[in-house]
Amino acid sequence: MERYIGKSVMRGIAIGRIYLYKKVDVQVTDQKVPDVEAERERFFAAVEQAKAQLTRLYDEALQNVGEEHAAIFDVHKMLLEDEDYLETAAGEIENGYNAVYAVDQAGTQFAELFAAMDDEYMRGRAADIRDISRRVIRILLDLPDEEISSDEPVVLVAEDLTPSETVKLDKKKILGFVTVKGSANSHTAILARSMNLPALVNVDISLSDALHGQTCVVDGFEGEFLVEPEEEILSEKVVRKNQWVADLEALEKLKGQDNITKSGKRIDIFANIGNVEDAEAACAADAGGIGLFRSEFLYLGRETFPSEEEQYAAYRAVLEKMEGKKVVIRTLDIGADKKVDYFGLEPEENPALGYRAIRICLDREEIFITQLRALYRAAAHGKLAIMFPMIISADEIKRIKQIVEMVREELVKEGKSVGEAELGIMIETPAAAVISDKLAEEVDFFSIGTNDLTQYTLAVDRQNQKLDGICDTHHEALLRLIEMTVKNAHEAGIWVGICGELGADTELTEWFLKIGVDELSVAASAVLKVRGAVRALP
Amino acid sequence: MRDFTYVIKDPVGLHARPAGLLVKKAGEFTSRITIESGGKSAEAKKLIMLMGLGIKQGAEVVCRIEGEDEDAAHEALAKFFEENL
């Protein structure tokens with residue numbers, strides 16, 4: 001057995017024969033041609049033919065895989081119309097070189113331009129330049145379009161796959177992907193995710209012809225690729241695979257289903273997200289909305305404050321992605337424990353109890369106002385709810401509401417389009433839970449942040465592993481605070497959700513329903529699991 | 001000469017598809033149209049160079065238009081950015 005390690009871009013396990021996909025080696029020589037004008041015509045004719053092929057491929061792909069995946073062929077066609085690309089190739093021909101060499105030169109030159117960029121998406125475009133160049137070269141050499149054909153489903157192993165190759169694959173014939181090159185943003189990775197097939201990229205394997213037809217295992221959980229595994233290992237992987245398939249099927253059946261118990265009690269199940277891309281996963285998991293969008297990602301890992309425009313773009317993108325489903329965005333929740341030097345926060349003895357979250361926002365209002373302006377502008381594009389963290393008093397909420405009013409008025413005065421938003425607070429301090437009857441009069445909803453509520457209620461630092469033994473997330477004190485908060489919310493006529501890790505704890509699902517929690521917000525990967533738990537209840 | 005400034009809202013930035021559409025839009029006019037961002041500039045009618053600017057979300061771009069139909073181009077391009085980027 002040979003074992004290789006790669007970067008998993010899609011979890012899952014595939015077991016089957018290897019289909020080794022190698023491109024036909026095209027021999028490029030820098031031979032000169034006597035008739036420059038004829039070669040020039042041959043080149044432009046090949047480009048026209050390539051564009052015609054791409055138009056056809058676009059139409060086909062539009063039918064088979066939809067506009068999102070078909071768009072790549074439209075882009076390829078536009079790249080083949082690029083003046084610089086065409087002039088570079090034509091220039092080589094003017095210098096007397098043959099057309100194949102000229103296209104190869106132009107392709108290499110522009111692919112390198114993209115490969116050197118610092119943006120991963122743009123680096124991925126180098127593959128597109130190589131793809132269009134190969135297409136023109138194949139036409140010049142009268143070679144057939146490259147195809148992958150196999151009678152049985154196979155694991156596709158290749159150096160890298162171009163978009164024109166991946167989009168034409170017969171999806172019923174593929175079990176998984178392994179590529180030597182590629183990245184999390186490569187076409188192979190995107191396709192694997194859309195097909196829900198295990199895939200590894202960056203696998204350091206030399207593609208000898210002997211691989212073709214050998215039995216292999218692609219394990220997207222472990223990031224390993226096994227060629228000709230021993231009987232014992234193979235049967236272990238088979239068990240693991242069957243388990244994965246069974247889990248997947250069971251969860252898949254829950255998509256589109258209601259979160260309802262056998263006796264007819266309903267609850268909303270939303271997703272927690274940390275950035276714009278996560279919204280995609282939330283949709284794929286069939287979440288009913290976003291129950292907690294942590295806005296910190298906008299502030300972390302950078303040197304200056306994010307601008308209003310930048311924030312607006314991010315919030316709007318998520319609201320549009322969720323197509324009218326509710327999106328609860330939490331305002332800045334940062335303290336001295338996060339490394340954001342440009343905030344100029346002084347080191348603290350006890351950052352969990354320190355200058356953080358809403359305390360910073362109400363002290364340095366300019367930071368808060370920028371975020372609120374972006375939020376209210378984004379609210380015009382979907383169903384937004386705004387939630388404030390670390391609240392301990394009704395006065396804080398009153399001050400927040402004054403600032404919110406001022407921001408809204410200013411935006412309206414400036415002629416900006418402004419949307420509506422529900423306003424809510426996190427219940428994550430024991431103080432807020434205890435006076436939740438008073439706080440409920442001030443807001444539209446509560447969201448119970450069980451992680452902080454646990455650590456503040458039990459006085460247990462959740463970062464300290466030595467205390468894991470006494471960090472009892474089912475502690476009666478905590479559960480009483482939650483129950484009290486839910487009761488007070490309902491008496492005031494507002495809704496209440498749970499957005500901490502406890503929301504996904506299926507041992508408590510029955511209890512949450514019993515006390516009347518309206519919404520559970522959990523990691524996207526846990527949405528269907530919790531739905532299953534709800535539906536299994538009497 | 002006409003110009004305008006715009007901040008990119010699209011989360012992926014000026015990626016291939018909208019860049020291609022921008023090239024098509026710019027091609028409708030005879031004016032010379034350049035896009036500047038981060039100290040680099042490219043002609044709006046050249047797709048590869050335009051993508052080569054690596055314009056990301058939040059980046060400020062300046063679009064300069066010079067030529068006979070600059071007024072019409074200015075209006076059309078400002079609208080294009082607003083709607084697509």
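Predicted model: local features only at pLDDT ≥ 70, side-chain atom pairs only at ≥ 80, totals over all residues.
Helices and strands are DSSP runs numbered from the N terminus, with at least four residues of H or I for a helix and at least two of E for a strand. Two strands count as paired if DSSP finds at least two bridges between them.

Both strands belong to an open sheet of eight strands in chain A, ordered β1-β8-β7-β3-β4-β5-β6-β2, in which the pairing is mixed. Its edges are β1 (2–5) and β2 (7–10) of chain A, each of which pairs on one side only. On average, neighbouring strands of this sheet are turned by 30° against each other, direction ignored. Helix α9 (residues 231–254) of chain A packs on the sheet and touches β3 (13–21), β7 (215–219) and β8 (224–227) of chain A; the direction of α9 makes about 110° with that of β3(A). Such axes are lines fitted to C-alpha atoms, for helices over the stretch in contact, and angles run from 0 to 180 degrees between N-to-C directions. Contact means heavy atoms within 4.5 Å.

## Closed barrel of chain A

Chain A also contains a closed barrel of eight strands, β9-β10-β11-β12-β13-β14-β15-β16, with parallel pairing. Here neighbouring strands are turned by 30° against each other on average, direction ignored.

## Salt bridges

Over all chains, the structure holds 44 salt bridges, each being a side-chain nitrogen of Lys or Arg within 4 Å of a carboxyl oxygen of Asp or Glu. One of them is formed by A:Glu81 and A:Lys51, with the closest N and O atoms 3.6 Å apart. This pair links distant parts of the chain, 30 residues apart: A:Glu81 lies in the loop between α2 (67–79) and α3 (83–94) of chain A, and A:Lys51 in helix α1 (residues 36–64) of chain A.

## Interface between chains A and B

In total, 23 residues of chain B are in contact with 28 residues of chain A. The two chains bury about 2,200 Å² between them, 68% of it on carbon and sulfur atoms; buried area is the accessible area (1.4 Å probe) lost on putting two parts together, summed over both. In chain B, the residues that lose the most area to chain A are B:Lys9, B:Arg17 and B:Ile48, together 31% of what that side buries.

Three salt bridges are counted between chain B and chain A. A:Glu309 forms a salt bridge with B:Lys9, the closest N and O atoms being 3.8 Å apart. Helices α1 (16–26) and α2 (47–52) of chain B each supply at least two residues of the side that touches chain A.

## Conventions

Residues are numbered from 1 along each chain as its sequence is written, and chains are lettered from A and ligands numbered from 1 in the order in which they are written. Local features need pLDDT of at least 70 and side-chain atom pairs count only at pLDDT 80 or more, whereas totals for chains, interfaces and linings use all residues; side-chain values use heavy atoms, with hydrogens and water left out.
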